[in-house]
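Let's take a friendly walk through this model, from its cavities to its backbone. Have the sequence and the 3D view open as you read.

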Amino acid sequence: MPTRRPPDLPERDVTPEAIYQDRRRLVRLLALSPLALAACSPKGEAGSPTPAPPPPPAPGTALSYTPNPAFRTRGPLTSWQDVTHYNNYYEFGTSKSDPARYSGAFKPRPWSVTVGGECEAPGIFALEDLIKGIPLEQRIYRHRCVEAWSMVIPWVGFPLGTLLKRFKPTSRAKYVAFTTVDRPGQMPGLSYPVLDWPYREGLRIDEAMHPLTLLAVGVYGRVLPNQNGAPLRLVVPWKYGFKSTKAIVQIAFSETRPVTSWNQAAPDRYGFYANVNPDVGTVPWSQHTERRIAGSGFSLFGNRIATRLFNGYADQVASLYAGMDLRRDY
Ligand code: MTE
């Protein structure tokens, strides 16, 4: 298994082999150059003890929030430009630049979320009502993709558990599933069978209730741009990024494990748990190292750093998996 791959081949670098051919076809159809994607590989200083600098000014509506000093991350932040232009959001296309390029027509408001399944207070809630009274905080988290790139991002949001408790999950609620909106008219990528749409992900209930698990409504102090999952997206920092569902319209509690998009597409490669683990990887992605996209200066190969178990959050989340074989239950 290779431990290093050239990041100047981003299309192959980021694409599961099973869907690689489909995506090549998609890129051809959209007449896009995958080389355009190689633009964002700034050199970072991950692991340095420097505290993160304050966010630079960014476009979008400013949010009112309180920085939470308990959730800071060492090393420089990933730039606003990279956070918002190097994205995975296949509903808008499979290239990293597609979400920013093709999400302009997406309407994140008005928005409502349907909550159901094993809970005593289900319903359909307007976003404003859903989050009414919940204070927003800024948390700086590491963000690690299964494609072995990583970022450091200042999210604005609130603990998912704070919201989930409002729906009074029953004792049978062992899992919670999240579904992304399905709007073919505004999401051009939905025309291609890259996944069995809509995008679905899920967590075990104790993972969902863990204080690290965040629902984000903003980034860099501003409302989430469409390409980052506006108006509401999950952030689960100790798991690979594909667990972090964007543009959530449905939350469902269940007794049994929900079917999730990537696990359904390629179960050998994308486990349900998807906990970041340097010792568990599959072709084409070894997970021993990651390319940190943060800091300043350009580097063709990015800044390669060692992957940390649970993305560096082991002291907070390892107990969730006590007694489990992480190599088998990945
Ligand atoms: N959510 C939806 N609906 N569609 C997607 O394609 N991609 C996932 C996740 N959530 C994805 C999604 C993957 S693979 C990653 S790494 C993160 O979003 C990327 O989040 P970012 O673009 O904000 O960095």
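How many nonpolar, polar and charged residues does the lining of the largest cavity have? The lining has 18 nonpolar, eight polar and five charged residues. Here Ala, Val, Leu, Ile, Met, Phe, Trp, Tyr, Cys and Pro count as nonpolar, Asp, Glu, Lys and Arg as charged, and the others, Gly among them, as polar.

## Before we start

This is a predicted model, in which local features need pLDDT of at least 70 and side-chain atom pairs count only at pLDDT 80 or more, while totals for chains, interfaces and linings use all residues. Residues are numbered from 1 along each chain as its sequence is written, and side-chain values use heavy atoms, with hydrogens and water left out.

## The largest cavity

The structure holds five cavities of 30 Å³ or more. A cavity is a set of points, on a 1 Å grid over the protein atoms alone, where a 1.4 Å probe fits but cannot get out; its lining residues have an atom within 4 Å of a point. Grid points are joined across faces, edges and corners, and a volume is the space filled by probe spheres set on the points.

The largest cavity contains about 410 Å³ of space. Its lining comprises 31 residues, with Asn-88, Tyr-89, Tyr-199, Gly-241 and Phe-242 nearest its centre. Strands β4 (137-144) and β5 (149-159) each supply at least two lining residues, and β5 gives the largest share, four residues. Strands are DSSP runs (E, at least two residues), numbered from the N terminus.

## The ligand

The space taken by the ligand is this largest cavity; a molecule sits in a cavity if more than half of its atoms lie within 2 Å of the cavity's grid points. Around the ligand are 16 residues, the closest being Tyr-90, Glu-91, Arg-233, Ser-244 and Lys-246. To be near, a residue must have a heavy atom within 4 Å of the molecule. This shell divides into six nonpolar, seven polar and three charged residues.

Taken alone the ligand exposes 540 Å², and the protein buries 98% of that (areas by the Shrake-Rupley method with a 1.4 Å probe).

## The second largest cavity

About 120 Å³ of space lies in the second largest cavity. Among its 15 lining residues, Val-146, Tyr-240, Arg-269, Val-280 and Tyr-330 are nearest the centre. By class, the lining has eight nonpolar, six polar and one charged.

## Backbone details to look at

Two peptide bonds are worth a look. The bond from Trp-197 to Pro-198 is cis, with omega near -5 degrees, and Pro-198 lies in the loop between β6 (175-180) and β7 (200-204). The bond from Ala-230 to Pro-231 is also cis, with omega near 0 degrees; Pro-231 is in the loop between β9 (222-223) and β10 (233-235).

Tyr-220, in the loop between β8 (214-219) and β9, has phi near 55 degrees, a positive value in a residue other than glycine.

Technical notes
On a 1 Å grid over the protein atoms alone, a cavity is a set of points where a 1.4 Å probe fits but cannot get out, and a pocket is an open set with protein on both sides within 12 Å along at least five of seven lines; lining residues have an atom within 4 Å of a point.
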